Amino acid sequence: GLGDPAEEEFTEIVKSWGWKPSEETNFDILPLVCQIDPLQAPEMFEIPKHYQFTVAIEHPEPSHSVISDMGLRWYGVPMV
């Protein structure tokens with residue numbers, strides 16, 4: 001599937017609202033969803049590509065290269 005299995009339901013919700021993943025990888029960054037007034041629909045804000053960044057997860061010891069070999073990435077989280 002697309003992305004983090006723990007976020008599968010949320011991913012399907014934002015896709016149903018019109019969000020389209022840019023690359024359909026495990027590392028597509030989901031849009032922000034905010035709802036201030038419970039009587040109004042939530043608003044979705046896609047993070048512009050030039051503000052998205054990820055870093056590879058690595059172990060500093062070469063003997064632990066299995067961590068790098070997993071291809072894991074972490075992303076910067078914008079704050080509202």
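**Notebook: strand, helix, pocket**

I began with Val55, which sits in strand β3, residues 54–56. I kept in mind that this is a predicted model.

Next I asked: is Val55 buried, partly exposed or exposed? Its relative accessibility is 46%. Exposed would need over 50%, and buried would need under 20%, so Val55 counts as partly exposed.

Then I looked for a surface patch that includes Val55. I found a nonpolar one.

I moved on to Thr11. I located Thr11 in helix α1, which covers residues 8–16. Is Thr11 buried or exposed? Its relative accessible area is 5%. The cut-off for buried is under 20%, so Thr11 is buried.

Which residues does Thr11 touch, leaving out those up to four places away in sequence? I noted Leu2, Trp19 and Leu30.

Leu30 turned up again when I checked the largest pocket. I recorded a volume of about 510 Å³ for that pocket. Its lining has 23 residues. Those nearest the centre are Glu7, Asp28, Ile29, Leu30 and Tyr75.

Which elements give two or more residues to this lining? I listed helix α1, strand β1 (32–34) and strand β4 (73–75). Strand β4 gives the most, with three residues.

My last note ties two entries together. Helix α1 holds Thr11, and α1 is also among the elements that give two or more residues to the pocket lining.

Methods: Residues are numbered from 1 along each chain as its sequence is written. This is a predicted model: local features need pLDDT of at least 70, side-chain atom pairs count only at pLDDT 80 or more; totals for chains, interfaces and linings use all residues. Side-chain values use heavy atoms; hydrogens and water are left out. Patches are made of residues with over 30% relative accessible area and no salt bridge: like charges are joined within 9 Å, nonpolar side chains (Val, Leu, Ile, Met, Phe, Trp, Tyr) within 5 Å. Accessible areas come from the Shrake-Rupley method with a 1.4 Å probe; for residues, only the protein chains shown count as cover. A salt bridge is a side-chain nitrogen of Lys or Arg within 4 Å of a carboxyl oxygen of Asp or Glu. Helices (H or I, at least four residues) and strands (E, at least two) are DSSP runs, numbered from the N terminus. Buried means under 20% relative accessible area, exposed over 50%, partly exposed in between (1.4 Å probe, protein chains only). Contact means heavy atoms within 4.5 Å. On a 1 Å grid over the protein atoms alone, a cavity is a set of points where a 1.4 Å probe fits but cannot get out, and a pocket is an open set with protein on both sides within 12 Å along at least five of seven lines; lining residues have an atom within 4 Å of a point. Grid points are joined across faces, edges and corners, and a volume is the space filled by probe spheres set on the points.
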